[in-house]
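Hello,

Here is the structure for you to look over. My notes follow below it.

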Amino acid sequence: MADTPYATPSAGLPKQAALHTGRAVFTEAYAVIPHGVMRDIVASALPHWDKTRAWIIARPMTGFSETFSQYIMEVAPGGGSTRPEPNPAAEGVLFVVEGEANVTIESKPHLLRPGGYAFLPPGCNWSLSNTGAAPVRLHWIRKRYEAVEDVDKPTAFVTNEQDEPIRWMPDTRDTWGTTRFVDPTDLRHDMHVNIVTLQPGAVIPFEETHVMEHGLYVLEGKAVYRLNRDWVEVEAGDFMWLRAFCPQACYAGPNRFRYLLYKDVNRHARLDL
């Protein structure tokens with residue numbers, strides 16, 4: 001899977017003559033943020049980050065998805081942060097889609113190239129810098145960790161998706177599978193950030209309807225995706241944000257379709273809301 005392409009935000013601004021008609025939608029069950037609306041005007045600067053901007057594409061919202069936030073970070077040469085995470089209770093995942101990021105975790109340096117993946121447990125000491133000549137773009141997914149008595153907290157690790165196998169679903173003839181970075185039975189982890197791959201023409205053949213909240217960023221390809229009552233056409237660079245119990249299914253397009261997937265797992269339902 002060498003030289004895997006990854007979509008990134010469009011940035012810039014559209015021409016003044018561009019049509020306003022687009023695919024962006026926010027409903028009671030899901031949102032679609034097309035790549036064409038991730039422009040300069042909606043990017044944010046973040047405290048303690050230098051030469052960096054962020055597209056914040058998901059954040060907890062009462063009555064919608066409440067467990068996580070997701071940013072697309074763009075770190076210019078010479079930029080980064082020695083104080084990146086303001087919340088000591090937050091865990092995180094970094095996934096690099098463009099450029100090279102120098103990430104130091106508990107004093108140990110790592111170089112994350114495209115496909116690079118880092119899990120950051122709550123309270124760990126980490127930093128990120130761009131010492132290269134080109135910008136770095138990466139996803140940063142954050143969640144408040146739910147500690148459990150007598151269950152250890154997870155530990156930090158770094159890998160690259162190209163070093164991890166795709167685990168194909170049974171009876172799919174290796175057309176629909178998941179790159180899992182964490183063992184699903186490891187109860188230390190209360191979130192999974194995986195990559196889902198569907199080969200051309202592959203399908204998710206039933207309407208998944210379950211308690212997990214989702215963020216799906218399309219890394220490659222195009223598909224028709226079922227979201228609640230609607231079939232929505234999505235392509236590389238689009239983001240889908242699903243609340244719990246939103247039905248979903250998929251028909252992949254003529255090329256390979258891949259997305260970065262967040263979901264909350266392995267914890268009891270909270271009863272103190």
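Arg23 counts as partly exposed, because its relative accessibility is 31% (buried is under 20% relative accessible area, exposed over 50%, partly exposed in between; 1.4 Å probe, protein chains only). This is a predicted model: local features need pLDDT of at least 70, side-chain atom pairs count only at pLDDT 80 or more, and totals for chains, interfaces and linings use all residues. Residues are numbered from 1 along each chain as its sequence is written, and side-chain values use heavy atoms, with hydrogens and water left out.

Salt bridges next. The rule is a side-chain nitrogen of Lys or Arg within 4 Å of a carboxyl oxygen of Asp or Glu. The count is 16. Arg23 bridges to Glu235 at 3.7 Å, N to O. That pair links distant parts of the chain: Arg23 sits in the segment before β1, Glu235 in strand β18 (residues 230-235), 212 residues apart. Strands are DSSP runs of E, at least two residues, numbered from the N terminus. Glu235 is also partly exposed, at 33%.

Glu146 and Lys143 form another salt bridge, at 3.4 Å, N to O. Lys143 is buried at 3%; Glu146 is partly exposed at 27%. Salt bridges with shared partners join Asp40, Arg53, Glu74 and Arg137 into one network.

Now the sheet. It is open, with 8 strands in the order β1-β2-β19-β16-β21-β14-β13-β12, paired antiparallel. Pairing requires at least two DSSP bridges between two strands. β1 (25-26) and β12 (167-168) are the edges; each has a single partner strand, so one side of each lacks a neighbour in the sheet. β14 (residues 191-198) and β21 (residues 257-264) pair over 8 bridges.

Regards

Key:
Helix = DSSP H or I, 4+ residues; strand = E, 2+ residues; numbered from the N terminus.
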